[in-house]
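Work through the exercises below with the sequence and the model open. Each task is followed by a solution in steps.

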Amino acid sequence: MSLLHSPKLLGIAASLRNARWGLGNQELIDSLKNCADEAQLLDFLAAQSDLHLENFFKAGRDRGKSFIEIYENLKRNKGNRGLSNSEVALAAGLWSALQYDVDIQHLSLSEYFLPSGKNTKVDELKEKLIASDGILISGPVYFGDRGSLTQSFIDLIRQDAQLKMQLEGKLYAGIAVGSKRNGGQETTLIYQMWDLINLGLFAVGNDSDTTSQYGGTGQAGDIGTMYQDRYGLDTSMGTGRRIAKLLRRLSYQRELQAPVKILFPIVQDCQGQVKSKVKDLIHSLPLSIEAKVINIAESQVIRCLACDFCPTHIDIDSVYRCIINTQHDALKIFHQDLLDCDAIVPVALSLTDTSKIQNNYQKFIERTRYLRRGDYALSNQIVIPLIFEELGSQENLPMRIMTSMIRHHTILAKPLIGYLYQDSFINQTEIQQDFSKAIGFVKKLAAARLTEGDRPIKYNPVGYYLSMDKDKEDERLNVRKVMIEDRHSHLQRESQERLKPI
């Protein structure tokens with residue numbers, strides 16, 4: 001199947017220490033295109049890191065100049081030499097995306113948001129954002145959060161209703177670079193992802209090859225050291241691959257000819273309050289959906305035992321493979337329902353009075369471990385948290401759902417938070433509108449998920465040596481081959497049944 005167009009991925013460098021701007025942006029893209037393989041890429045990143053350090057020496061570091069003087073001198077450069085640490089990680093992600101026929105571009109936010117706080121060439125920035133199909137942001141960590149350049153970028157979208165509308169439905173992924181291995185990269189990515197999905201973008205993390213987490217996580221303190229962090233480069237490249245593969249599938253522009261299948265697992269409730277609200281929401285939708293509600297909150301969910309061998313064995317997805325095999329356990333009962341949907345909408349009720357709450361959320365999340373380790377059985381499903389929250393309850397369920405479910409190699413959508421006050425649902429109309437809009441995007445993304453293309457993905461049991469040994473034995477026996485063939489056949493059947501003919 002040929003691409004209808006080459007999707008555009010805009011790489012955004014969010015560091016004040018950036019080395020590329022102006023014509024240097026395109027020179028970087030041209031250099032990445034000339035890297036024939038990963039070895040050449042790594043050599044290029046190392047050389048550019050050294051050049052960036054040299055930039056600092058030439059700007060006055062070797063003469064004992066103050067950092068203010070060095071910084072002013074650096075701004076006089078042409079912007080076409082070297083790469084900052086954040087740009088090194090971003091370049092790695094963009095190069096990986098390039099391998100999937102994605103048109104890559106690069107810009108530096110410092111060219112638009114000045115240190116003084118003033119903004120310049122904003123219309124140019126908006127045009128580049130609107131023209132892109134996806135954005136990949138790389139920036140430094142400040143106290144476990146993003147830098148002010150990224151914040152200015154987010155504020156720009158928040159304050160421009162027209163720009164926000166035109167960015168809705170685009171894909172987003174992130175890379176964060178900190179001075180330590182555990183230097184706040186994950187919290188930075190989580191907060192950033194939270195803000196951008198609330199602006200209507202869909203978010204992905206890094207890919208299955210790099211353990212499917214929140215994005216690229218680089219370690220670099222001193223200037224010019226990011227290229228030495230192979231783990232960080234791998235996660236950055238994994239993030240580039242992840243967003244590129246989805247952009248490529250979306251570019252085929254296939255359409256569903258059947259309703260989208262939405263699963264509503266109720267994970268926290270109180271005396272059945274959520275069930276009626278979910279049914280009302282489903283009936284209010286102008287779009288036709290195939291909805292199924294499963295009540296996890298009122299079901300038996302046995303705790304995860306954190307087995308060394310999880311799942312119990314390699315098999316086709318439809319086979320339940322958790323070691324907990326109790327007849328009335330919710331995961332055993334609802335196993336196929338979790339697989340057979342386009343979007344998962346975890347539903348929870350959050351109240352100020354928690355004395356009567358029925359809560360199986362955490363046990364449910366723990367138990368989905370076998371689905372993640374079963375070669376990401378939920379891969380590319382869309383997750384839309386739906387929370388009915390009494391004002392003042394102050395739970396963080398939407399964020400917890402987001403940070404847990406993205407590790408299933410899923411796609412994250414804007415959480416829907418219905419506010420309750422004195423038994424009244426005060427933003428019901430808004431939730432109905434947002435959900436209708438989300439379903440429209442789910443239809444598009446579901447068609448992309450069913451579009452054949454990538455090789456089957458495989459869980460990489462990093463840190464689980466017993467599981468690694470078992471996986472090697474299973475590979476020797478060709479057990480995984482049967483699973484891969486079945487997953488491929490299932491995808492083909494669904495594509496034929498649910499996608500409109502080309």
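**Exercise 1.** Which residues in helix H6 (residues 148-158) are buried? Find which face they line and what they pack against.

Solution. The model is predicted, and its local features are considered where pLDDT is at least 70.
- Step 1. Buried means under 20% relative accessible area. In H6, Leu149, Thr150, Phe153, Ile154, Leu156 and Ile157 are buried.
- Step 2. Viewed down the axis of H6, these buried residues fall within an arc of 155 degrees, so they line one face of the helix.
- Step 3. An α-helix has 3.6 residues a turn, so residues three or four places apart point the same way.
- Step 4. The packing partners of the buried residues of H6 include strand E1 (8-13), strand E3 (134-142) and strand E4 (145-146). Among the helices they pack against are H5 (122-131), H7 (161-167) and H8 (185-198).

**Exercise 2.** Which residues are linked with Lys261 in a network of salt bridges? Compare two of the pairs.

Solution. 
- Step 1. The network links Lys261, Asp340, Asp342, Arg449, Glu494 and Arg498.
- Step 2. Take lysine 261 and aspartate 340: their closest N and O atoms are 2.6 Å apart. Lysine 261 lies in strand E8 (residues 260-269) and aspartate 340 in the loop between helix H12 (335-339) and strand E10 (343-344), so this pair ties together parts 79 residues apart in sequence.
- Step 3. Lysine 261 counts as buried at 11% relative accessibility, whereas aspartate 340 is partly exposed at 37%.
- Step 4. Now take glutamate 494 and arginine 498, whose salt bridge has an N to O distance of 3.2 Å. Both lie in helix H18 (residues 479-498), four residues apart, which is about one turn of the helix.
- Step 5. Glutamate 494 is buried at 9% relative accessible area, and arginine 498 is buried at 6%.
- Step 6. For the whole model, the count is 27 salt bridges.

**Exercise 3.** Which residues make the nonpolar surface patch of about 380 Å²? Locate isoleucine 426.

Solution. 
- Step 1. The patch is made by Leu391, Tyr419, Tyr421 and Ile426.
- Step 2. Isoleucine 426 lies in the loop between strand E17 (424-425) and helix H16 (428-449).
- Step 3. Its relative accessible area is 49%, so isoleucine 426 is partly exposed.

**Exercise 4.** What radius of gyration would a compact globule with 502 residues have, and what does the protein have?

Solution. 
- Step 1. A compact globule of 502 residues would have a radius of gyration near 23 Å; the protein has 23 Å, which agrees.
- Step 2. The C-alpha trace spans about 75 × 60 × 45 Å along its principal axes.
- Step 3. The protein has 18 helices and 17 strands, and 55% of its 502 residues count as buried.
- Step 4. Of the contacts between residues at least 6 apart in sequence, 82% join residues at least 24 apart.
- Step 5. The accessible surface is about 21700 Å², with 49% belonging to carbon and sulfur atoms.

Definitions and conventions
Residues numbered from 1 in each chain as written. Predicted model: local features only at pLDDT ≥ 70, side-chain atom pairs only at ≥ 80, totals over all residues. Heavy atoms only, no water. Patch = residues over 30% accessible without salt bridge, like charges linked within 9 Å, V, L, I, M, F, W, Y side chains within 5 Å. Areas by Shrake-Rupley, 256 points an atom, 1.4 Å probe, with all protein chains shown as cover. Salt bridge = Lys/Arg side-chain N within 4 Å of Asp/Glu carboxyl O. Helix = DSSP H or I, 4+ residues; strand = E, 2+ residues; numbered from the N terminus. Buried < 20%, exposed > 50% of the residue type's maximum accessible area, 1.4 Å probe, protein only. Rg over C-alpha atoms; globule rule 2.2 N^0.38 Å. Contact = heavy atoms within 4.5 Å. Arc of directions from axis to C-beta.
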